[in-house]
Amino acid sequence: MDTTYLEQCVANIKVRNLVNEDVEVENQSPLTMIGKGRQGAVFQVTEDICVKVFGNNEDCEREYYALALGQHTNLFPKLYHKGPLHIAMEIIRGVDLREYLQSQPLSKELSVKLIEMLITFKEIGYERIDHHKRQIYLQQDGSLKVIDVARTVWRDRVYPYPRKLLNSLGTENKEVFLAHVQELSPVLYDEWIHYIRMEEIASEIYQVLLESPKKNVDMVKALSDKLLTTNDEERYVILMAGLMHKVFKEQWVKTMLARGEETSKVYEKIDEYWDKQKREFKALKENQGNDHGGDSVDPIDAESQKGGKKKGKGKEAHHDGGKKAGNANSKNKGKDTKKQEKDKSKKKKGKYSKWLTFGLM
Ligand SMILES: Nc1ncnc2c1ncn2[C@@H]1O[C@H](COP(=O)(O)OP(=O)(O)OP(=O)(O)O)[C@@H](O)[C@H]1O
Ligand SMILES: [Mg+2]
């Protein structure tokens, strides 16, 4: 092929992409246009070669890449030349399936060829294992050829079954094709039906969500308070102590292990330290009296019991802490009676403020 001549012709063809429309073409070359779509326009160059001129470079690269993946098979036009905005390729003859199926039935033989086509797509690495019937050509020898493959590659999301092919066949031929697939490969048929069903359910759910947005929004507005954790100070302290415990432990372990300490010793030290904190907290609570009733929860105990791992040790420490708490209690009482009187008269809200400060440190 004379590429210089081709380049000259292409230099005189301007193709512009439009939104949701076929490309706009300005052809001042001697070539005849044989077709166009949203990505490009196709011109006859020789008896057997055409050139597709694209509106943008990315579509051109993508189509070239996809066609290149299948060059060792018989399914795609042969590639001859590539420029930044054009690809010269073999002209595909025969009749496309849209036209063919208008007058002919979808035979089992044709269904077999379509399944083989999908298998080839998969084998050569296409992400979208699917194609519209009008881009599939039936040749005189009965084989299939496929054009316009840019959208089969460089994709993130694809339908996991050949949705476009099935839908493009129309209701009747879709049923015929699925019946052939069921007979030829029941497992594949089951998988496709599964995905079709999933899609139907997804679309039903979408309708349900679409129809009741106000109800849902109102419900969320009314009930989202249940997810808040900072309004109840006692609960907040428990959660904050738990958070501190987790962060502290994680950071300490990292630091100690980075320093080459032994894992078991590091955990022992952490437990010792945390038990000490628990004892202090216990002492503080008892020191403040039982003004919040007998059902109070030690935040640190609550956290360690939830974690489960140190449950036994936690209990022990709690007991031990109780003894020391007594000392701390009497000590503090003597020291700070005035302050405690003041604290008691305060609302329950400020009760854990010291521990909040500790927790936030
Ligand atoms: N290799 C080819 N041989 C013969 N005709 C071709 C060939 N490639 C494309 N055509 C013709 O040109 C038309 C447009 O080509 P094509 O479908 O590849 O364009 P497109 O812009 O990528 O389309 P789409 O908008 O579907 O992506 C085809 O419908 C077909 O008629
Ligand atoms: Mg295309």
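## A predicted chain with a magnesium ion and a ligand

The chain folds into 14 helices and 10 strands, where helices (H or I, at least four residues) and strands (E, at least two) are DSSP runs numbered from the N terminus. This is a predicted model, with local features needing pLDDT of at least 70 and side-chain atom pairs counting only at pLDDT 80 or more, while totals for chains, interfaces and linings use all residues. Residues are numbered from 1 along each chain as its sequence is written, chains are lettered from A and ligands numbered from 1 in the order in which they are written, and side-chain values use heavy atoms, leaving out hydrogens and water.

Some overall numbers to start. Of the 361 residues, 38% count as buried; buried means under 20% relative accessible area, exposed over 50%, and partly exposed in between (1.4 Å probe, protein chains only). The accessible surface comes to about 22,200 Å², and 52% of that belongs to carbon and sulfur atoms. Areas here come from the Shrake-Rupley method with a 1.4 Å probe, and for residues only the protein chains shown count as cover. Among contacts (heavy atoms within 4.5 Å) with a separation of 6 or more, 60% join residues 24 or more positions apart.

Now for the metal. Gln39 (OE1) and Asp148 (OD) coordinate the magnesium ion, ligand 2, at 1.7 to 2.0 Å. Gln39 sits in the loop between β3 (32-36) and β4 (40-44) and Asp148 in the loop between β10 (144-146) and α5, so the pair ties together parts 109 residues apart in sequence. Donors are N, O and S atoms within 2.8 Å of the metal (3.2 Å for Na, K and Ca), and with water not among the atoms, sites may look incomplete.

Both Gln39 and Asp148 are buried, the latter at 18% relative accessibility. Asp148 also has a positive phi of about 60° although it is not a glycine. Trp154, in the loop between β10 and α5, has a positive phi near 60° too, but Trp154 is partly exposed at 43%. For background, most residues other than glycine have a negative phi.

Ligand 1 has 20 residues around it, the closest being Arg38, Gln39, Lys52, Asp148 and Arg151; near means a heavy atom within 4 Å.

| Residue (backbone atom) | Distance to an oxygen atom of ligand 1 |
|---|---|
| Arg38 | 2.6 Å |
| Gln39 | 2.7 Å |
| Gly40 | 2.9 Å |

Taken alone, ligand 1 exposes 610 Å², and the protein buries 87% of that.

The 26 residues of α7 (186-211) should span 38 Å at 1.5 Å a residue, and the end C-alpha atoms are 37 Å apart, which agrees; the expected span is 1.5 Å times one less than the number of residues. Tyr189, Trp192 and Ile196 are the buried residues of α7, and they pack against α4 (108-124), α5 (163-168) and α6 (170-184). α4 itself has 17 residues and reaches 24 Å between its first and last C-alpha, close to the 24 Å expected. Its buried residues include Leu110, Leu114, Leu118 and Phe121. Just after α4, Gly125 takes a positive phi of about 100°.

Conventions
A polar contact is a pair of N or O atoms within 3.5 Å; within protein, one must be able to donate a hydrogen and the other to accept it, and residues adjacent in sequence count only if both atoms are side-chain atoms.
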